[in-house]
Protein chains: 2
Amino acid sequence: MTETPKSHPRYASLVSRNKIVEAMKSGVCTPHSLIAHGRGEALDYLLGETTFPFAHEAIAKSAQLLLESKKPVLSLNGNTAALCAIDFVALSAVLNCPIEVNLFHASEARYDAIKHLLERNGAKNVLVPDGGCVLSGLGSNRRNVHPEGLYAADIVLVALEDGDRCEVLKAHGKRVIAIDLNPLSRTAQMADVTIVDNIIRCMPLLVAAAKQPKSVTNYDNADMLQAAEIQMRTAKK
Amino acid sequence: MTETPKSHPRYASLVSRNKIVEAMKSGVCTPHSLIAHGRGEALDYLLGETTFPFAHEAIAKSAQLLLESKKPVLSLNGNTAALCAIDFVALSAVLNCPIEVNLFHASEARYDAIKHLLERNGAKNVLVPDGGCVLSGLGSNRRNVHPEGLYAADIVLVALEDGDRCEVLKAHGKRVIAIDLNPLSRTAQMADVTIVDNIIRCMPLLVAAAKQPKSVTNYDNADMLQAAEIQMRTAKK
């Protein structure tokens, strides 16, 4: 991995970039994952690379909903695993719930690589799709789920997603918490709670919030999305 | 290469994406090139994926300046070669000028891969860095240039660049035409003419403009950058 000095003004961004590149080499990410990461970099740059009040409020609400639910599942893809494996493991421990690997560019080798990465970080309950179980309404590999995981979940945390899956999860009666840097995306718009923030900043905060939850009343996701959009449109770069 | 139906609403974007992925496999692009491509995708999405009047005016001015200059050079990196080799070859033929390969993540193999890609597309005059010749003021591999190319140029077309090189080219007394989707970048701000547009849309237009030039008077690059910034901040997505 390329060594980046901590004093570099773009240290956090360069570390993430290197993690994704390394993850491609180890089979956790694909070439298309790298392009998706670049899109996230640009959106975070435009946002201001800061966790704003609208994200803090969404994080608090997410923790509350996850703790209140009966069958939470943390859905994770290659980039999320590459950047935040340790945080997903910590959150699944607090919630006592599974992490399920869900991939668009799917292969047995990739499921295995991600599962092993999570287990090396201490995960006790990692699910991958189980043969015939599918979420109807989805055409891609993302339809393949585990019967005790995403299929049965009442609430799902999704990060860095394609829009159509959020729609289908909602159609199946599940609540969705999305982490998405684009407040205008279909995922962001359709989720019950949208955390508009970089996953590397908000995941540790979400773990902390789940350990010390507080009640959030009068939460309005449309307000959070609007605040995020205004922030992106008006921020001085 | 994955087959994408032309009817797909994001056809152009998906074709570019596949070209960059294939170019990594052939050694033209690096993993970091893919991340950079993703940043461009997001910026183009926010721009509206359209060539706006501010870009058309910058294209016309660029053609005029390139035709008026004595020693134009077209500087090209891996992503530019992967996406627009044929347009760079066409423009270098109209201007009778070299294309010079300039890389941050540099290796002999990569210079060769890009040179061969250009030559397969009909290029007659491709330069790569020549041993000791450097542009002082730059720390990265981008300092390495050819004495008859970037070193001697009076005007340089640069696309998809890091900010510091534009600054150094200017310090060496060269005019710079930049193609950059971020109107706020250092490259965009320091160039004499900035085309804020996707390279796959503007390069064919620049070739056409160089074949049928028109005189552009009262061109003000700051105005173009401001128009682009307003477009990005206010566009309905």
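Student: How many residues of chain A are in contact with chain B?
Tutor: In this predicted model, 18 residues of chain A are in contact with 18 residues of chain B.

Student: Which elements of chain A give two or more residues to that side?
Tutor: They are α1 (11–25) and α2 of chain A.

Student: And where does the largest share come from?
Tutor: From α2(A). That helix gives 11 residues to the side of chain A that touches chain B.

Student: How do the residues on that side divide into nonpolar, polar and charged?
Tutor: On the side of chain A that touches chain B, 10 are nonpolar, 3 are polar and 5 are charged.

Student: Back to α2(A). How many residues has it, and what does it reach from end to end?
Tutor: Helix α2 of chain A covers residues 31–47, so count 17 residues. Its first C-alpha and its last are 25 Å apart, close to the 24 Å expected at 1.5 Å a residue.

Student: Are the residues of α2(A) mostly buried or exposed?
Tutor: Buried, for 15 of the 17. Helix α2(A) is therefore largely enclosed by the rest of the structure.

Student: What comes just after α2(A)?
Tutor: A:G48. This residue takes a positive phi of about 115°.

Definitions and conventions: Residues numbered from 1 in each chain as written. Chains lettered and ligands numbered in written order. Predicted model: local features only at pLDDT ≥ 70, side-chain atom pairs only at ≥ 80, totals over all residues. Helix = DSSP H or I, 4+ residues; strand = E, 2+ residues; numbered from the N terminus. Expected span 1.5 Å × (residues − 1). Buried ≥ 20, exposed ≤ 12 C-beta atoms within 10 Å, placed from the backbone. Contact = placed C-beta atoms within 7 Å. Nonpolar A, V, L, I, M, F, W, Y, C, P; charged D, E, K, R; others polar.
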